[in-house]
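Subject: Handover of a structure, with notes

Dear colleague,

Please find below the structure that I am passing on to you. My notes on it come directly after.

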Amino acid sequence: MAHAHKVHLRIVTADAQVLDEEADLVIAPGGAGELGIQARHIPIVTTLKPGELRILEQQTEKVFAVAGGFLEVRNEDEGSAAIVLANAAEPAEGIDVARAEAARHRAEERLAQRDANIDAVRAEAALMRATARLKVVEQTNTRRRNVGQ
Ligand code: ATP
């Protein structure tokens, strides 16, 4: 059931529906800057950059890393709906740090080679995904430390 004061958020990738929940506030890494989505937000379609997606619902917060994609916000009779079509999305606690570090290292090495056979755009995109994942882990750990103080 949708609620008038909530945003019905779905996160979808090519492989799966990652999340389907009501939220008070969704903070998304929009292509032109961070966006805060609450109920009755104006309808929009925007790109997403690789970054952090935060979902606040009552006193809880869920944090995801998204590897870029699109966000659509619609207002429907039963409330606001936000759909994130992500290239990939992982909950912060599901991020494999060693894998992201390895991906970052690989991308940096490729970019440093300055070889004509290297697809620099692809390497840059991989670097942005890896950096975004690592930043999400770092920011999540920092917030948890601060809450624990
Ligand atoms: P890699 O080179 O390590 O595969 P990538 O940035 O190319 O990284 P993506 O193409 O963005 O990977 O994602 C492919 C799949 O792997 C997606 O399902 C994504 O959620 C998952 N994934 C990628 N990196 C990580 C990670 N560090 N931790 C958890 N899941 C990951």
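The notes begin with the overall arrangement and then turn to the domains, the core, the ligand and some single residues.

This is a predicted model, in which local features need pLDDT of at least 70 and side-chain atom pairs count only at pLDDT 80 or more, while totals for chains, interfaces and linings use all residues. Residues are numbered from 1 along each chain as its sequence is written.

Overall arrangement

The protein has two helices and eight strands; helices (H or I, at least four residues) and strands (E, at least two) are DSSP runs, numbered from the N terminus. Read from the N terminus, the order of the elements is β-β-β-β-β-β-β-β-α-α. Along the principal axes, the C-alpha atoms fill a box of roughly 55 × 40 × 25 Å. Of the 149 residues, 25% count as buried. A residue is buried if 20 or more other C-beta atoms, placed from the backbone, lie within 10 Å of its own, exposed if 12 or fewer, and partly exposed in between. Among contacts with a separation of 6 or more, 55% join residues 24 or more positions apart; two residues are in contact if their C-beta atoms, placed from the backbone, lie within 7 Å.

Domains

The protein is divided into domain 1 (7-92) and domain 2 (94-148), with bounds that come from an automatic or database domain assignment. Their centres, taken over C-alpha atoms, are separated by 21 Å. In domain 1, nine residues are in contact with 11 residues of domain 2. On the side of domain 1 that touches domain 2, the elements giving two or more residues are S5, S6 and strand S8 (89-91). The residues of that side divide into six nonpolar, one polar and two charged. Here Ala, Val, Leu, Ile, Met, Phe, Trp, Tyr, Cys and Pro count as nonpolar, Asp, Glu, Lys and Arg as charged, and the others, Gly among them, as polar.

Helices

H1 has 17 residues and reaches 24 Å from its first C-alpha to its last, close to the 24 Å expected at 1.5 Å a residue. The expected span is 1.5 Å times one less than the number of residues in the helix. Just after H1, Arg114 takes a positive phi of about 50°. For helix H2 (residues 120-148), the 29 residues should span 42 Å at 1.5 Å a residue, and the end C-alpha atoms are 42 Å apart, which agrees. Within H2, the residues Ala126, Arg129, Ala130, Ala132, Arg133 and Val136 are buried. Their cover includes strand S5 (44-57), strand S6 (60-76) and helix H1 (97-113).

Nonpolar core

A nonpolar core is a set of buried Ala, Val, Leu, Ile, Met, Phe, Trp, Tyr and Cys residues joined through C-beta atoms within 7 Å. The largest one has 24 residues, of which Val26, Phe64, Val66, Ala82 and Val84 touch the most other members. Two or more residues of this core come from each of strand S1 (7-12), strand S3 (25-30), S5, S6, strand S7 (79-86) and H2. S6 gives the largest share, seven residues. Leaving out residues up to four places away in sequence, Val84 touches Ile11, Val12, Ala28, Leu48, Leu53, Val66, Gly69 and Leu71.

Ligand surroundings

Because domain 1 and domain 2 both give residues to the shell around the ligand, the ligand lies between them. Of the 14 residues around the ligand, Ala88, Asp96, Arg99, Ala100 and Arg129 come nearest; a residue is near a molecule if its C-beta atom, placed from the backbone, lies within 6 Å of it. H1 and H2 each supply at least two residues of the shell, and the largest share, four residues, comes from H2. By type, the shell has seven nonpolar, two polar and five charged residues.

Single residues

Most residues other than glycine have a negative phi. Arg40, in the loop between strand S4 (33-37) and S5, has a positive phi near 70°. Arg40 is exposed, with 12 other C-beta atoms within 10 Å. Gln58, in the loop between S5 and S6, has a positive phi near 50°. Gln58 counts as exposed because it has 8 C-beta neighbours inside 10 Å. Arg74 lies in strand S6 and, with 14 C-beta neighbours inside 10 Å, counts as partly exposed. Beyond its neighbours within four places in sequence, Arg74 is in contact with Pro43 and Ala81.

Kind regards
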